[in-house]
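The entries follow the order in which I looked.

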Amino acid sequence: MKYYAGLDVSVKETSVCIIDEMGKICREAKVGSHPEDLARLLNDPGLPLTRVGLEAGPLSQWLFSGMAEAGLPVICIETRHTKAFLKAQVNKSDRNDARGIAQMMRVNLFRPVHVKTLTSQKHRALLTARKLLQEKAIAIENDIRGLLRNFGLKVGAVGVVKFDDRIRELVDGMPELVEIMAPLLASREQLRHAFMTLHRKLLFEPRRVFRRPFCLSQATIASSFSCS
């Protein structure tokens with residue numbers, strides 16, 4: 001007998017439905033949205049699963065990786081196609097959605113999506129965090145320019161390194177503006193320092209990737225062709 005599972009994931013809890021190949025519900029439960037909790041429920045020798053489906057979402061990559069490591073045949077399915085399928089249900093609920101996803105697994109009516117590896121997710125998080133710090137620092141610089149322009153003080157074209165000195169030069173002799181600019185410049189400096197920390201880490205990443213055995217072997221092959 002083949003068994004199929006559908007997961008409807010929310011932030012705190014996940015609704016789970018397991019059905020057999022005839023469509024009969026064998027088990028329903030709610031567990032915490034954590035890979036270990038889901039693996040503990042789904043790794044039942046009495047209900048060997050053929051497919052486990054969950055909809056793509058904010059937690060799907062983390063849950064997918066954890067359940068895959070636990071040996072479960074998990075599949076991440078496309079969101080829009082899943083919503084179109086579940087619209088046919090009369091009552092919309094987490095429990096019914098889990099049932100619908102389980103049925104999709106049983107009849108093989110789903111569109112799988114690629115799930116990035118944890119390494120790829122870490123690289124993307126690094127890029128996103130670096131960009132966020134850069135944008136916040138630039139936003140503070142633009143706001144400083146706008147505030148000083150109201151007093152007829154024009155910053156002009158100045159680089160990142162000399163920006164702080166230029167602002168202090170413009171507000172010199174204006175105690176009130178000095179007090180206003182000081183915390184803004186301090187915040188900008190902290191953001192720039194944090195940005196450079198992540199930027200240096202990003203510059204180091206390609207070197208570390210290149211040193212992996214597969215990359216080294218490919219580089220050796222390429223150099224051999226160039227020499228010949």
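Predicted model: local features only at pLDDT ≥ 70, side-chain atom pairs only at ≥ 80, totals over all residues.

Asp97 has a relative accessible area of 4%. Buried means under 20%, so Asp97 counts as buried. I then asked which side chain meets Asp97 in a salt bridge. The partner is Lys92, with 2.8 Å from N to O. Lys92 itself counts as exposed, at 63% relative accessibility. I noted the general point that side chains of opposite charge can pair when their charged atoms come close.

I moved on to helix H4, which covers residues 94–107. H4 has 14 residues. From first C-alpha to last, H4 reaches 20 Å, close to the 20 Å expected at 1.5 Å a residue. I listed the buried residues of H4: Asn96, Asp97, Ala98, Gly100, Ile101, Ala102, Met104 and Met105. What do these buried residues pack against? I found four strands on the list, namely S1 (3–9), S2 (13–20), S4 (49–55) and S5 (74–77). Helix H3 (79–86) is on the list too. After H4 comes Asn108, and I noted its positive phi, near 60 degrees.

I checked Arg99 next. Arg99 forms a salt bridge with Glu28, and their closest N and O atoms are 2.5 Å apart. Glu28 sits in strand S3 (residues 25–32) and Arg99 in helix H4, so I logged this as a link between distant parts of the chain, 71 residues apart. Buried or exposed, or in between? Glu28 is partly exposed, with a relative accessible area of 28%. Arg99 is partly exposed as well, at 26%.

Entry 4, a pair between helices. I turned to Glu141 and Arg192. They form a salt bridge, with the closest N and O atoms 3.0 Å apart. Glu141 lies in helix H5 (residues 118–149) and Arg192 in helix H7 (residues 175–210), so this pair ties together parts that are 51 residues apart in sequence. I checked cover on each side. Glu141 counts as buried at 11% relative accessibility. Arg192 is buried too, with a relative accessible area of 13%. I then looked for salt bridges that share partners. Such bridges join Glu28, Arg95 and Arg99 into one network. A search of the whole structure gave me ten salt bridges.

Where does Val158 lie? I found Val158 in the loop between H5 and helix H6 (163–171). Val158 is partly exposed, with a relative accessible area of 24%. Leaving out residues up to four places away in sequence, Val158 touches Arg145, Phe163 and Arg166.

I closed with the totals. The chain holds eight helices and five strands. I read the order along the sequence as β-β-β-α-β-α-β-α-α-α-α-α-α. The chain has 228 residues, and 34% of them count as buried. I looked at contacts between residues at least 6 apart in sequence, and 54% of these join residues at least 24 apart. The accessible surface comes to about 14300 Å². Carbon and sulfur atoms account for 57% of that surface.

Definitions and conventions. Residues numbered from 1 in each chain as written. Heavy atoms only, no water. Helix = DSSP H or I, 4+ residues; strand = E, 2+ residues; numbered from the N terminus. Buried < 20%, exposed > 50% of the residue type's maximum accessible area, 1.4 Å probe, protein only. Contact = heavy atoms within 4.5 Å. Areas by Shrake-Rupley, 256 points an atom, 1.4 Å probe, with all protein chains shown as cover. Expected span 1.5 Å × (residues − 1).
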